[in-house]
Amino acid sequence: MAATYTAFLKHTHIGKQSQAEPFTARAHLRYIQRSSATHRVEWRHLPDDYKERLEWFSDHERSSRRNGRIIDKFVISIPHELTEGQAAYTLRKFGDWLGQGEAPYLFSLQGFDGPNHHAHFVFVDKSIETRKRVFGTTERNSTRQIKLEWERVANQCFEELGFDIRIKVHDGLTLEADNDNAQEPAQEPLDEGHDVDDLPDMPEVIPEPEDAGDGDDDVAFVTSDLVGVDPVGTIKFMHDVRADLEFLRRCQTKLQDATERHAWLLERRNQLADEAGQYYRDSLPKLMNAQNAQERLSDYQREDGSLKGRSFGLLGYTLFKTKERKIAEQVQVEAHNLKLEADKVEHTRRSYDRKIEELARQAVQAEEAAYAHKAELLRIYGTDEDIELAEAAMRNGIEMAASDVTLEQAAEAYEKGAITVDEYRTFLLEAGYDAEVQLLDESLSEDGGVSL
């Protein structure tokens, strides 16, 4: 019986009108194709050149209606049994089914060097031939249908690939598309002749259904029951969230530093290996000459290693040498000099080997450090998208809390000792009171320093 795994597919989208900033889709494409995290990228009906591909999405957004949907995006978990090639095959099958071979899509594979195998999948629901909708991702319950079809297509591919595994897509509410596509008004199913760009305009204010979840384009923020109620509690909340945000950024910096060091060490190792390989090739004649000279010398040596021929001497002076002895001595000198050159070559080769081995060892250490920092982020915050959302939520939470406390309330709390100097300084920084921060630092410096 095939083993069944729970799989996850998160469906969100970017709309032209609802996005926070123009060309968010293009930015998302850059993010999911970044070389630091991406193992493989494939696409259909899109330019092969990376820059042209990004420009295609910019043109697509410019040509879309004011209320049009730019892209649908999915984050899909991938079973560990699959290789990158097998995962790509399965995703191609899914993309071709989703767009009926007519709609553009792109996916990137990430996390295959760790425990979090997943894919980022971008889909444009528009035929390149007719410019009409192919699937209907804006229709109600489309997310549910997409999940079921991913389950069907993936299981069929697993069977074709010979894997005795199957998946069951998790259908929890937290993994549904934002508001189950409630960012756009519900519409009747479109006839085949309707064009994506012929959709009616969205109303300026869209009522949110009672059971709608937080949308991808909504502002995410962390908050506390004390925010807006208790100034002291609000400031302490800001200070705690800022500490969490700084911890997240330190983890990200450590991960980036370890990742960049790993990449630099690998590059340096490869450069040195290429340099060593060239030296090996260039120095090979010297080793061959030394070996040939040694073999030639053996022809002029007796079994005990002495030179053939005869030599007569008196009081340290050579009086006579046979012709064979003269040749033997010349061959011996030549073999000795070539051996010295060969010894230098061997020493240089061993030096290269030691340096390459040391760089490889350091690269492994840097890679392990990067894995550790990545695992720490994954354990605390989740995937890269979860981290991005958490960071935005903390920033937004601090900003919203800062707007609920006045400078007078904060100063009064500080003077009464209800908040610490660190908490007071955090409020001043986040609320934008730069002059007050400078005055606070100067006064604390006169008193012997500030504890931060």
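Trainee: With 12% relative accessibility, is D384 buried or exposed?

Mentor: This is a predicted model, in which local features need pLDDT of at least 70 and side-chain atom pairs count only at pLDDT 80 or more, while totals for chains, interfaces and linings use all residues. Residues are numbered from 1 along each chain as its sequence is written, and side-chain values use heavy atoms, leaving out hydrogens and water. Buried means under 20% relative accessible area and exposed over 50%, with partly exposed in between (1.4 Å probe, protein chains only). At 12%, D384 therefore counts as buried.

Trainee: Which residue meets the side chain of D384 in a salt bridge?

Mentor: A salt bridge is a side-chain nitrogen of Lys or Arg within 4 Å of a carboxyl oxygen of Asp or Glu. For D384 the N to O distance is 2.5 Å, and the partner is K374.

Trainee: Which helices does the pair of K374 and D384 tie together?

Mentor: Helices (H or I, at least four residues) and strands (E, at least two) are DSSP runs, numbered from the N terminus. The two residues are ten apart in sequence, K374 in residues 323-380 and D384 in residues 384-402, so the pair ties together α6 and α7.

Trainee: What is the relative accessible area of K321?

Mentor: K321 forms a salt bridge with E329, its closest N and O atoms lying 2.5 Å apart. K321 is partly exposed, and its relative accessible area is 26%.

Trainee: How far apart are the closest N and O atoms of R242 and E246?

Mentor: Both residues lie in helix α5 (residues 231-298), four residues apart, about one turn of the helix. In an α-helix with 3.6 residues a turn, residues three or four places apart point the same way. R242 is partly exposed at 23% relative accessible area, as is E246 at 31%. The two form a salt bridge with a closest N and O distance of 3.2 Å.

Trainee: How many salt bridges does a search of the whole structure find?

Mentor: Among the charged residues, R26, E55, D59 and R62 are linked in a network of salt bridges. The search of the whole structure gives a count of 23.

Trainee: What arc do the buried residues of α8 cover around the axis?

Mentor: Helix α8 (residues 407-415) has L407, A410, A411 and A413 as its buried residues. The arc is taken from the directions from the helix axis to the C-beta atoms. These residues lie on the same side of α8, because their arc is only 160°.

Trainee: Which elements do the buried residues of α8 pack against?

Mentor: On the other side of α8, E408 and E415 are exposed. Contact means heavy atoms within 4.5 Å. The buried residues pack against α5, α9 (421-431) and α10 (434-446).

Trainee: What is the phi of R131?

Mentor: Most residues other than glycine have a negative phi. R131 lies in the loop between β6 (118-123) and α4 (142-161), and is partly exposed with a relative accessible area of 37%. R131 is not a glycine, yet its phi is positive, near 60°.

Trainee: In which loop is Q100 found?

Mentor: Q100 has a positive phi of about 55° although it is not a glycine. Its loop runs between α3 (84-98) and β5 (105-110).

Trainee: How far apart in space are V229 and D404?

Mentor: V229 sits in the loop between β7 (165-169) and α5, and at 65% relative accessibility V229 counts as exposed. V229 and D404 are 175 residues apart in sequence, but from C-alpha to C-alpha the distance is 8.5 Å.
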